[in-house]
Amino acid sequence: MAKITDKIKEYTRPGYYEKFDYHWTMSIDLDRCTGCGACVVACQAENNLPIVGEKRFKERREMKWLRIERYWEGEYPNLKLKFLPMLCQQCDQAPCETPCPVAATYHNQDGLNTQIYNRCIGTRTCAVYCPYEVRYFNWFTYTWDEPLEQQLNPDVTVREKGVMEKCTFCVQRIRMAKDKAKDDNRRRVKDGEVTPACVQSCASEAMQFGDLNDPNSKVSKMTKNKRAYHVLEELNTKPSVVYLQKVEKHD
Amino acid sequence: MTDTNYQEPGYADVNRDILQTLLVTGPKYWITFGISASVALICFFGPWAYQLYVGVGAAGMNRSAMWGTYLSNFIFWIGLSHSGTLLSAVLHITHSGWRKAIYRSAEAMTLFSLMTAACFVMVHVGRLWFVHWTAPIPNPMELWPNFRSPLMFDVMAVTTYLTASSIFIYMGSVPDYAAVRDASTGLRRRLYTIFSFGWRGTAKEWHTLSWAYMFFAVFVIPLAVSVHSIVSWDFALSIVPGLHQTIFAPYFVCGAIYSGTAGIVSVMFLLRKYMQLERYIREIHLDNLGKLLIVLSLIWTYINIVEVFTGWYSGTSFEYEFLKFRLFGFYAPLYWEMILFCAVVPLFMLHKKIRTSWKWMFIISILINIGMFTERFIIVATSLPRKFLPDAFGFYFPSFVEIMISIGSFAIFTTLFLIFIKWTPCVSIYEVKETLKPLRRDA
């Protein structure tokens, strides 16, 4: 019996890892979020996201790894608007990882949910299984008009038609920070060395990014905040993005 | 049951009647074949080529409704494939004599609807040119498919089923190929000599055949049940409201046999009418299939009630939202049409006059399959646009390309079937003979 429970523990461990090297986590303070959309633009620029145009946008085929969901509450004039920046939650129990027939999406040793574009055959099952709807499919091969192709980020690939893509937590920046740490003969990346494009561009500093394995990192402190919660926590996906509840005035 | 004006055919009549469907080809056949082949080419392969060129965006799918008619068509065709081999195998094991006249065309239906279903997998994926990665082919990168994936199970199950049912149908046809060989000359004779494996009809050969046939019949039954269970897991293993249901496997298996049996009734009607096989495909077959259809429709209705009930009983807002969309949303007319065609209309078959009337049974069987086709569409089109986050609530409507490809798939099926009936006797010659009274020398 003990053997069986051990096995169950082993198989329910995120991505079969004993312990993640880093556990990259993001915290988003909804009380600070102004819904300005700077993070959306930064993500677009950093990750070579195509601009699909009005027609495709209306067809709900836009490419935004990070979107700001708007929820309206109440009736005019007592109207309240709430913002919920939604990006890949890098779930530790990711529903999207199991169904891929070619294993194009998997959990890496940093606790990231990675997408391998070269391996993807485009069954779109991962997107169907994802409860957060943060996976985006390349319905067409998108092109950039002159001279916009000049601003493509050389650290990030450009995807072709038929490939699924999603937020990577700017894995290219994580990679670079790790390389730099190695060059400096350090074993680990220091807190604050990695900043994804969205976090970097956030004017109100609503977003924090760091390693959850380091108890002194900014993110670890944020997750201990009593306002912290996960979106759709009841689905037991164990997301790596922590939201801090909006403080509301009760009168 | 004895039909009026029914005169039992002799052995020679059987050979002549059935072989004429192979050897004599009228202009009607060529016209039908020409139309269906060109429709397949224009409606299926044309739009598909266009979609391959521009990308899957040619279809109407979008974010949140990432699956569309391609997948619902896939389930429909797999479902239609179900009855053939399964029914034939079950009836063979239970020694039901009435199976003998219909099983060949039923098994052919299995084979060709499986092939059509496989076409839809190809159409569905984003990068067709890498689709072989789903098979465990040894490669220098040592990359393997993901064995946790329900889609991977699907690839395995469908290819196994396709292989097993093609062997099953081929094995059952060997003595008939020999009969064609004996009745023909020239190139056809040489071809059928190869097909029939030099069948001579010795006692030992018959013994081996019946043993092997029984073996495959037993082998195919669990396979048929597993295939559609596995297809249902494509949906049920997700956590999407409306798809994440434990009843999905029996639901799909039941639905598959249901639509498959209805499909057999339609094909039987057409074969009987246009191939002059009135003496072999008889009302007793229709009566029995009608009874089977009633039972299946009752099971199907029960499962549908359970599905709605569990959604309501779960008490979660996600399930409510999805149920509201399915029962009263944009696709509500389709939903209620499905209930009408698959749960209400089949009840008319309780009356024996309707059950034994070819015309009525043909109409009912077509209606059932229309209902089952919409069922599959509704499963995909009403669950995915209502998942969890209200911001991502979407809407799905098939595009022109998708509609054309769906129409084209019926033409592909028809074309393959038309090729088949000129290739293999669509009624088993030797097994029909077994049902006849023994030949009397003095007659």
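## Helix H11 of chain B

In this predicted model, B:Pro333, B:Trp336 and B:Leu340 are exposed on one side of H11(B). On the other side of the helix from these exposed residues, B:Met338, B:Phe341 and B:Cys342 are buried. Viewed down the axis of H11(B), the buried residues fall within an arc of 80 degrees, so they line one face of the helix. An α-helix has 3.6 residues a turn, so residues three or four places apart point the same way.

Helix H11 of chain B runs over residues 332-344 and has 13 residues. From its first C-alpha to its last it reaches 17 Å, close to the 18 Å expected at 1.5 Å a residue. The packing partners of its buried residues are helix H9 (283-314) and helix H13 (358-383) of chain B.

## Nonpolar cores

The largest nonpolar core has 170 residues. Within this core, the residues that touch the most other members are A:Met207, B:Phe74 and B:Ile78. Helix H8 of chain B (residues 248-274) gives the most to the core, with 14 residues. A second, separate core has 5 residues, including B:Phe318, B:Phe322, B:Phe325 and B:Phe388.

What is B:Ile78 in contact with, leaving aside its neighbours within four places in sequence? The partners are B:Leu114, B:Ala117, B:Val227, B:His228, B:Val231 and B:Ala256.

## Contact between the chains

In the contact between the two chains, 36 residues of chain B meet 34 residues of chain A. On the side of chain B that touches chain A, helix H5 (residues 150-183) of chain B supplies the largest share, 4 residues. By class, this side of chain B has 20 nonpolar, 11 polar and 5 charged residues.

## Chain A as a whole

Chain A has 7 helices and 10 strands. Along the principal axes, its C-alpha atoms fill a box of roughly 55 × 55 × 45 Å. The radius of gyration of chain A is 19 Å, which agrees with the value near 18 Å that a compact globule would have with 251 residues.

Of the 251 residues in chain A, 41% are buried. Among contacts in chain A between residues at least 6 apart in sequence, 62% join residues at least 24 apart.

Notes. Residues are numbered from 1 along each chain as its sequence is written. Chains are lettered from A and ligands numbered from 1 in the order in which they are written. This is a predicted model: local features need pLDDT of at least 70, side-chain atom pairs count only at pLDDT 80 or more; totals for chains, interfaces and linings use all residues. A nonpolar core is a set of buried Ala, Val, Leu, Ile, Met, Phe, Trp, Tyr and Cys residues joined through C-beta atoms within 7 Å. A residue is buried if 20 or more other C-beta atoms lie within 10 Å of its own, exposed if 12 or fewer, and partly exposed in between; C-beta atoms are placed from the backbone. Helices (H or I, at least four residues) and strands (E, at least two) are DSSP runs, numbered from the N terminus. Two residues are in contact if their C-beta atoms, placed from the backbone, lie within 7 Å. The expected span of a helix is 1.5 Å times one less than its number of residues. The arc is that of the directions from the helix axis to the C-beta atoms. Ala, Val, Leu, Ile, Met, Phe, Trp, Tyr, Cys and Pro count as nonpolar, Asp, Glu, Lys and Arg as charged, and the others, Gly among them, as polar. The radius of gyration is taken over C-alpha atoms; the globule rule is 2.2 Å times the number of residues to the power 0.38.
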